Amino acid sequence: MKEEIGGEVPVGCLIAGPFTAATSCYPTEKLLRATRKESEKVHELLRFVTEGLKLIYKEFIKEGMLILLCDPLASGTLLHRKQYLEFALPYTKELMQSIHDNKGMVCYHICGDTTNTVADMATSGCDMISVDNIVDLEHVKNTAGQKLPILGNVSPIDYFIQGTTEMMEEAVKVCLRKAWDSPNGYILASGCDLSGNVPLENIETFMNAARKYGRYPLDPKNFQ
């Protein structure tokens, strides 16, 4: 990938965050239950996977890859904020520090509803935050956006798979309206991973809309 496109765009690798990695070792439903009943053992598991993730991240950073730390099971859709603060954020902070110690750059993404934790995510030490399409970008701008760049959040299903050209253009304009003036910068992006089922023409529509309405110098009249 680096040889083919590395001179045109950054190349990155999506790797699990600590809580999601833990569910690869222990069934999700049981792990969630254990956060209430056997928290010490959950921390033991999180310590184990965190040390493993440090080694994995390090190898990709050596290859010059941007790290996308994605922790979908740490979502507010599944975890209460108190659980996130105890079981996800401390290990994430440690991983962010390790990535930076190895001269890497990292974007932090959690799928689903992170409305109540996005401000906490901004304290993790990441370089930028990506949010899912169900999170309000204006809220993200007013919280995490005060500290670092934010990404998001055109719906992968509603617009990339099911949308028309007109729908995609409107979705892009909505995102720009809400976040174009984010204090530390805003990157227009999909709300989450794009499926292999997304027609290439829909991705092209998205890119064309970005060029049309987000062209520099920015003029808010273009997307009002």
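Reader: Why does lysine 2 count as partly exposed?

Author: This is a predicted model, and every value here is computed from it. Lysine 2 has a relative accessibility of 42%. Buried means under 20% and exposed means over 50%, so lysine 2, at 42%, is partly exposed.

Reader: What makes the contact between lysine 2 and glutamate 63 a salt bridge?

Author: The N to O distance between the two side chains is 4.0 Å. The cut-off is a side-chain nitrogen of Lys or Arg within 4 Å of a carboxyl oxygen of Asp or Glu, and the pair is a salt bridge. The partners are 61 residues apart, with lysine 2 in helix H1 and glutamate 63 in the loop between helix H4 and strand E2. Glutamate 63 has a relative accessible area of 47%, so glutamate 63 is partly exposed.

Reader: Why is methionine 1 called exposed?

Author: Methionine 1 has 65% relative accessibility. The limit for exposed is over 50%, so methionine 1 counts as exposed.

Reader: What is the distance between the closest N and O atoms of glutamate 94 and lysine 54?

Author: The closest N and O atoms are 2.7 Å apart, and the pair forms a salt bridge. Glutamate 94 is in helix H5 and lysine 54 in helix H4, 40 residues apart. Both residues also belong to a network of salt bridges that includes Arg47 and Glu51. The structure holds 14 salt bridges.

Reader: Why is it said that lysine 141 and aspartate 181 tie together separate parts of the sequence?

Author: Their closest N and O atoms are 3.0 Å apart, in a salt bridge. Lysine 141 lies in helix H7 and aspartate 181 in the loop between helix H9 and strand E6, so the pair ties together parts that are 40 residues apart in sequence. Lysine 141 counts as buried because its relative accessibility is 9%, while aspartate 181 has 39% and is partly exposed.

Reader: How many aromatic pairs are there?

Author: A search of the whole structure finds 2 aromatic pairs. One of them joins phenylalanine 160 and phenylalanine 206, with 5.0 Å centre to centre and 55 degrees between the planes. Planes under 30 degrees apart count as stacked and over 60 as edge-to-face, so the rest are tilted. At 55 degrees, the phenylalanine 160 and phenylalanine 206 pair is tilted. The pair links helix H8 to helix H10. Phenylalanine 160, at 1% relative accessibility, counts as buried, and phenylalanine 206, at 8%, is buried.

Reader: What makes the pair of tryptophan 180 and phenylalanine 223 tilted?

Author: The ring centres of tryptophan 180 and phenylalanine 223 are 6.1 Å apart and the planes are at 55 degrees, so this pair is tilted. Tryptophan 180 lies in the loop between H9 and E6 and phenylalanine 223 in the segment after H10, 43 residues apart in sequence. Tryptophan 180 counts as partly exposed at 32%, whereas phenylalanine 223, at 0%, is buried.

Methods. Residues numbered from 1 in each chain as written. Predicted model: local features only at pLDDT ≥ 70, side-chain atom pairs only at ≥ 80, totals over all residues. Heavy atoms only, no water. Buried < 20%, exposed > 50% of the residue type's maximum accessible area, 1.4 Å probe, protein only. Helix = DSSP H or I, 4+ residues; strand = E, 2+ residues; numbered from the N terminus. Phe/Tyr/Trp six-rings, centres within 6.5 Å; stacked < 30°, edge-to-face > 60°.
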